[in-house]
Amino acid sequence: MKGIVFTEFLDLVEQKFGLSVVQQIIDNSELESNGIYTSVGTYKFTEMVSLLTNLSNLTKIAPNDLLKVYGTHFFDALVKNYGSILNTYKSPLDLLASVDAHIHVEVRKLYPDAELPRFEVTKHTNDTLIMIYHSSRALYAFAHGLMEKSFEHYNQASEITYKLLKEDGTIVQFEIFKK
């Protein structure tokens, strides 16, 4: 997992809960990296799971709720670092529909070893997008937060629902409607 995912996660934790909580979740986690991350480094997914689990235990907030908030936070980092890519799209539906065909292609240019989810578009109209999320990491709540924030970025209202197609969250159908 790319380091930017860790650095932004710890930034969010500091903003929302304070530096002492950042230190607590690092101390309570068994981290090969010792909690020292660079945005361009690569780290084990198990470290993120450990940090997230410890944050959830400490705050009593469900992991998926934390991941969704983190997705909205991470979108801001994408705008800051890769805004030129996002600016090529006129609407959030077009942006989301192009994740695999364009966005992830660009990510792989920067990070060839990145393990990215796959999004299969099954319907795309001016007002509706239906996508199937595929990822062994089951971070669909993170993706949901990114989707919600993309609509906010374009100043558009939306309704986003999802259905687990596999109980473990590795395959999820998102239905996204522009309001």
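Contact here means heavy atoms within 4.5 Å. The views below are taken from a predicted model.

View 1. Leaving out residues up to four places away in sequence, Ile 61 touches Phe 17, Ser 56 and Leu 66. The relative accessible area of Ile 61 is 28%, so this residue counts as partly exposed.

**View 2. Helix H7, residues 140-153.** The helix has 14 residues, and the distance from its first C-alpha to its last is 20 Å, close to the 20 Å expected at 1.5 Å a residue. Because 11 of its 14 residues are buried, H7 is largely enclosed by the rest of the structure. Among the buried positions are Tyr 140, Phe 142, His 144, Met 147, Lys 149 and Phe 151. Just after the helix, Asn 155 has a positive phi of about 55°.

**View 3. Packing partners of H7.**

**View 4. The largest nonpolar core.** This core has 49 residues, and Phe 9, Leu 51, Met 147 and Ile 176 have the most contacts inside it. Met 147 is also one of the buried residues of H7.

**View 5. Contacts of Leu 51.** With neighbours within four places in sequence left aside, Leu 51 is in contact with Phe 6, Phe 9, Leu 10, Ile 25, Ile 26, Ser 29, Leu 31 and Tyr 37. Of these partners, Phe 9 is listed with Leu 51 among the residues with the most contacts inside the largest nonpolar core.

Conventions
Residues are numbered from 1 along each chain as its sequence is written. This is a predicted model: local features need pLDDT of at least 70, side-chain atom pairs count only at pLDDT 80 or more; totals for chains, interfaces and linings use all residues. Side-chain values use heavy atoms; hydrogens and water are left out. Helices (H or I, at least four residues) and strands (E, at least two) are DSSP runs, numbered from the N terminus. The expected span of a helix is 1.5 Å times one less than its number of residues. Buried means under 20% relative accessible area, exposed over 50%, partly exposed in between (1.4 Å probe, protein chains only). A nonpolar core is a set of buried Ala, Val, Leu, Ile, Met, Phe, Trp, Tyr and Cys residues joined through side-chain atoms within 4.5 Å.
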